[in-house]
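Colleague: Could you take me through one part of this model up close? I'd like to hear about the salt bridges, step by step.

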Amino acid sequence: EGMAGTEEEIAAALGRHREEVLDFVRRHPQAFELLVVDYPELVGDPERWAARVGEFLGPELVPHPERMAGAVRPELHRNRS
């Protein structure tokens, strides 16, 4: 089943879940490698972030990071204040 609640309640629950997962991964560095990508930074500089993701995952998984960067559409990003 889906999540019930207002948009704000769902956003808060998802935010808490994200922090719990990140905390777990950070407490188990022997089991996980982690690259946290800041979405607004990604939209602002897709070439840099695509290169970082490519380095993190390796050329087998990301053979053309420049293509990944080309898929970012900044005009579709919603700015929230």
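Modeller: Let's start with Asp-23, which forms a salt bridge with Arg-27. Their closest N and O atoms are 3.0 Å apart, and that falls inside the 4 Å cut-off for a salt bridge. Keep in mind that this is a predicted model. Now look at where the two sit: both belong to helix 1 (residues 7-27), and because they are four residues apart there, about one helical turn separates them. How open are they to the outside? Asp-23 has 38% relative accessibility, so it counts as partly exposed. Arg-27 has a relative accessible area of 51%, which makes it exposed, since exposed means over 50%.

Next, find Glu-41 and Arg-48, whose side chains also meet in a salt bridge. Here the N to O distance is 3.9 Å, and a pair has to be within 4 Å to count, so this one still makes it. Glu-41 is partly exposed, with 39% relative accessibility.

Then go to Glu-75, where the side chain meets that of Arg-73 in another salt bridge. For this pair, the N to O distance is 2.6 Å. Glu-75 is exposed, and its relative accessible area is 54%.

Terms used:
Residues numbered from 1 in each chain as written. Predicted model: local features only at pLDDT ≥ 70, side-chain atom pairs only at ≥ 80, totals over all residues. Heavy atoms only, no water. Buried < 20%, exposed > 50% of the residue type's maximum accessible area, 1.4 Å probe, protein only.
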